[in-house]
Structures are given as structure tokens and as C-alpha cells.
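Here's a quick tour of some ring contacts and a few other local details. Have the viewer open while you read.

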Amino acid sequence: IEYKNVSFAYPKTKEAAIENINILIEGGTTAALVGHSGAGKSTIINLLPRFYDPKEGGIYIDNQDITGVSLSSLRKNISLVSQDIILFDDTVRANIAYANMEASEEQIKTACDLAAASDFINDLPQAYETIIGENGIKLSGGQKQRISIARAFLKNSPIILLDEATSSLDAESEEKVQNAVMNLTKNKTTLVIAHRLSTIIRAKKIIVMNQGKIVDIGTHNELLKSSIIYKNLYSKQLGA
């Protein structure tokens with residue numbers, strides 16, 4: 001995935017959300033976006049499935065401009081796991097199978113195993129047939145995230161976009177979600193807005209954002225030496 005000189009401003013705003021962004025993510029590797037709130041991390045992720053198009057510059061997958069392919073074929077190759085999980089007032093099974101309507105029972109259950117979701121699903125009153133309420137109101141935050149990750153496993157797309165805020169999760173749920181994410185992103189091309197140190201440290205490339213611009217790119221160890229912003233973010237998390 002390559003972002004070349006990408007700039008973008010949201011409609012009705014004068015100020016650019018991101019400016020002159022250049023990123024290269026090699027196939028099968030993870031790149032982490034870090035930075036304070038409002039630095040432009042979500043904007044970078046939202047441009048890849050074309051929720052918006054850049055004002056300037058281009059985004060390429062395998063050297064192909066993403067505006068040159070159909071939206072359906074682009075999005076078929078991308079799984080998005082975000083903080084805002086859309087769930088339907090339907091069964092657990094229907095919510096997961098939404099990612100792949102042709103999926104077999106076995107495929108659904110394997111996806112749930114990999115997403116660390118099988119145990120809590122089997123404990124529900126009707127297991128996979130349990131109706132979860134509008135937007136999954138009957139589930140906890142960690143359970144919703146694991147349903148969302150199970151969906152991504154079932155879709156099995158080569159590109160994973162991940163906004164992994166887990167501030168609302170207790171320690172046990174967070175650990176389960178974290179393990180599920182590690183399974184999900186193995187050998188996939190992954191762009192992650194990283195809130196956890198463990199994810200950041202594992203990333204092949206860390207992109208430090210500030211006020212819509214990339215201020216540093218490197219590995220964890222490199223950035224600890226060279227980037228004041230990164231060092232501050234890192235020590236804040238350690239103190240948290």
C-alpha cells in the first residue's frame with residue numbers, strides 16, 4: 001500500500017486534516033499510526049476504503065490507483081475493525097456471517113475460535129442463535145470487538161485496517177482482544193491506529209503523526225532515540 005503526496009480536508013473545513021502524506025507499507029507487514037488525538041490518524045485509514053477521496057495525491061495498492069477499481073472490489077480486499085462496531089438486532093451467527101454470506105457453519109466457528117469469541121458465545125442463552133439487540137446492546141464492549149474480529153477472520157481479506165482503542169475494556173477482555181488481533185494480522189498487510197504499546201512495538205514501521213503531518217517514521221527503538229513526540233507518547237503510556 002502506498003500513499004503518495006496525499007492531502008485531505010473534510011467538507012466545510014478550511015484546514016487540512018492531513019497534508020503531504022507519504023507512506024509505503026510492504027505486503028504482509030504492519031504499520032502503526034501513533035500521535036495525539038486529532039493528528040490525522042483516522043483520516044489516513046478512512047481514505048483507503050474510499051470513504052473519502054484525497055484532495056491531492058493518490059493511494060496505490062500493488063501500484064494500482066485505488067480510484068481506478070470498483071468500490072466493491074476494493075472493499076472486498078479490506079477488513080476494517082474499528083471502535084464503532086455496527087451490529088444488527090439479529091442472531092450472533094447472522095452478525096458474523098454478514099462478512100461472508102456463503103460461509104459454512106465450520107468456517108463461522110473457526111473464525112470465532114481465532115477471535116477468542118467461542119467461549120462467551122457458547123455461554124449465551126441460545127449460543128449462536130442468541131439475538132444480541134440493536135447495536136449489540138446485550139454484549140459487553142470486549143464481546144462486540146471480538147464479534148467484529150470474527151467477522152474480519154471470516155472475510156479473510158489481505159488488508160486489515162484496525163483502530164484498536166480498548167480504553168473501555170477490562171484487563172481480561174483486553175488481553176483476549178489483543179491475542180485475537182495478533183492472530184488476525186499475521187501475514188496480512190495491516191495499518192493500525194495503535195493505542196497499545198505491545199502493538200506499536202511489534203509493528204515493522206511506526207508512523208508518528210502531529211497536526212496532520214508525518215513527523216517521524218521508524219522502528220520503536222529508532223524512534224525512542226530520534227523522536228521527542230514518540231518518546232513522550234511512550235512514557236505517558238508507561239505512566240498510565
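Let's start with Y52, which comes out as partly exposed because its relative accessibility is 32%, between the 20% and 50% cut-offs. Keep in mind that this is a predicted model.

**The ring cluster**

What do ring pairs link into a cluster? The members are F8, Y10 and Y52. Y10 sits in the loop between β1 and β2 (18–24), while Y52 belongs to the loop between α1 and β4, so the pair bridges 42 residues of sequence and links distant parts of the chain. Like Y52, which is at 32%, Y10 is partly exposed, here with a relative accessible area of 25%.

By the ring-centre rule the model has a count of four aromatic pairs. One of them is F8 with Y52, a tilted pair at 5.3 Å centre to centre and 50 degrees between the planes. Here too distant parts of the chain are linked: F8 is in strand β1 (residues 2–8), Y52 is in the loop between α1 (41–47) and β4 (56–61), and 44 residues separate them. Is F8 buried or exposed? F8 is buried, with a relative accessible area of 2%.

Here are the two pairs with their numbers:

| Pair | Centre to centre | Angle between planes | Class |
|---|---|---|---|
| F8 and Y52 | 5.3 Å | 50 degrees | tilted |

**A lysine over a ring**

Another ring to look at is Y60: K4 lies over its face, 4.7 Å from the ring centre.

**Around R75**

R75 is found in helix α2 (residues 71–76). With 31% relative accessibility, R75 counts as partly exposed. Which residues does R75 touch, leaving out those up to four places away in sequence? The contacts are P49, R50, F51 and K155. For R50, the separation from R75 is 25 residues in sequence and 8.6 Å in space, C-alpha to C-alpha.

**The β9–β10 hairpin**

Now jump to strands β9 (residues 205–210) and β10 (residues 213–218), which pair in the antiparallel sense over five bridges. M209 has I214 in β10 as its bridge partner. Two residues lie between the strands of this hairpin, and Q211 takes a positive phi near 50 degrees.

Technical notes. Residues numbered from 1 in each chain as written. Predicted model: local features only at pLDDT ≥ 70, side-chain atom pairs only at ≥ 80, totals over all residues. Heavy atoms only, no water. Pairing = 2+ DSSP bridges. Helix = DSSP H or I, 4+ residues; strand = E, 2+ residues; numbered from the N terminus. Buried < 20%, exposed > 50% of the residue type's maximum accessible area, 1.4 Å probe, protein only. Contact = heavy atoms within 4.5 Å. Phe/Tyr/Trp six-rings, centres within 6.5 Å; stacked < 30°, edge-to-face > 60°. Lys NZ or Arg CZ within 6 Å of the ring centre and 35° of its normal.
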